[in-house]
Amino acid sequence: MNNCPFCKIAAGELPAAIVHRSPDVIAFRDIHPQAPTHILIVPIKHLVSVDDVQAEDVQLMGRLIATAKDIARDLGLRGYRLVINTGREAGQSVFHLHVHLLSGRALHWPPG
Ligand code: AMP
Ligand code: ZN
C-alpha cells in the first residue's frame with residue numbers, strides 16, 4: 001500500500017528492529033515504546049484495521065496471536081497484554097492492522 005509505514009517495513013524499505021519474520025507475519029519493536037517490551041505484530045497483507053478483516057483473513061488473525069505468544073515465550077515474558085486499537089477514536093494512528101505486545105511493567109486495568 002502506498003505510503004504505509006508498516007508495508008514499507010515489511011518490504012525492507014524502512015528500517016525496524018525486527019524480532020520475527022515469516023511469509024505472512026512480521027514483528028518489530030515499537031519506535032515509541034510504552035513499556036519495557038513493546039513489540040508490534042503485523043500481517044504482511046495490508047489490512048486497514050480489524051474492521052477490514054474478512055472471512056479469508058481469520059486464519060491470519062489467529063497467526064498474529066500465535067506469533068505474539070511465541071515471541072512472549074522466546075523473550076521469557078511472565079505476563080503481557082495484547083492490544084489492537086481499532087479506529088482513530090480508540091487510538092489507532094497507523095492504518096495497517098497490528099497487535100501491540102506490551103510487557104515488563106505493571107499494566108493497569110481499565111486501560112486509559
Ligand atoms: P496505533 O496507535 O495503535 O495505531 O499504534 C501505532 C504504533 O506504531 C505506535 O505505537 C507507534 O509508536 C508505532 N510506530 C509508528 N511508526 C513506526 C515505525 N516506523 N516503526 C516502529 N513503530 C512505529
Ligand atoms: Zn500497509
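Ala, Val, Leu, Ile, Met, Phe, Trp, Tyr, Cys and Pro are counted here as nonpolar, Asp, Glu, Lys and Arg as charged, and the others, Gly among them, as polar. The model is a predicted one, so local features need pLDDT of at least 70 and side-chain atom pairs count only at pLDDT 80 or more, while totals for chains, interfaces and linings use all residues. Residues are numbered from 1 along each chain as its sequence is written, chains are lettered from A and ligands numbered from 1 in the order in which they are written, and side-chain values use heavy atoms, with hydrogens and water left out.

First, the pocket. On a 1 Å grid over the protein atoms alone, a pocket is an open set of points where a 1.4 Å probe fits, with protein on both sides within 12 Å along at least five of seven lines; lining residues have an atom within 4 Å of a point. The largest pocket holds about 610 Å³ of space, a volume being what probe spheres set on the points fill, with points joined across faces, edges and corners. It is lined by 30 residues, and Asp 30, His 32, Gln 34, His 38 and His 100 are the closest to its centre. By class, that lining splits into 15 nonpolar, 11 polar and 4 charged residues. Helix H1 (5-10) and strands S2 (25-29), S3 (37-43), S4 (81-83) and S5 (99-103) each put in at least two lining residues; helices (H or I, at least four residues) and strands (E, at least two) are DSSP runs, numbered from the N terminus. H1 gives the largest share, with 3 residues.

Ligand 1 has an oxygen atom 2.8 Å from a polar backbone atom of Gly 91, and an oxygen atom 2.7 Å from one of Ser 93. For His 98, a side-chain N or O atom is 2.9 Å from a ligand oxygen. Taken alone, ligand 1 exposes 510 Å², and the protein buries 85% of that (Shrake-Rupley areas, 1.4 Å probe).

Note on methods:
Polar contact = N/O pair within 3.5 Å; in protein donor to acceptor, adjacent residues only side chain to side chain.
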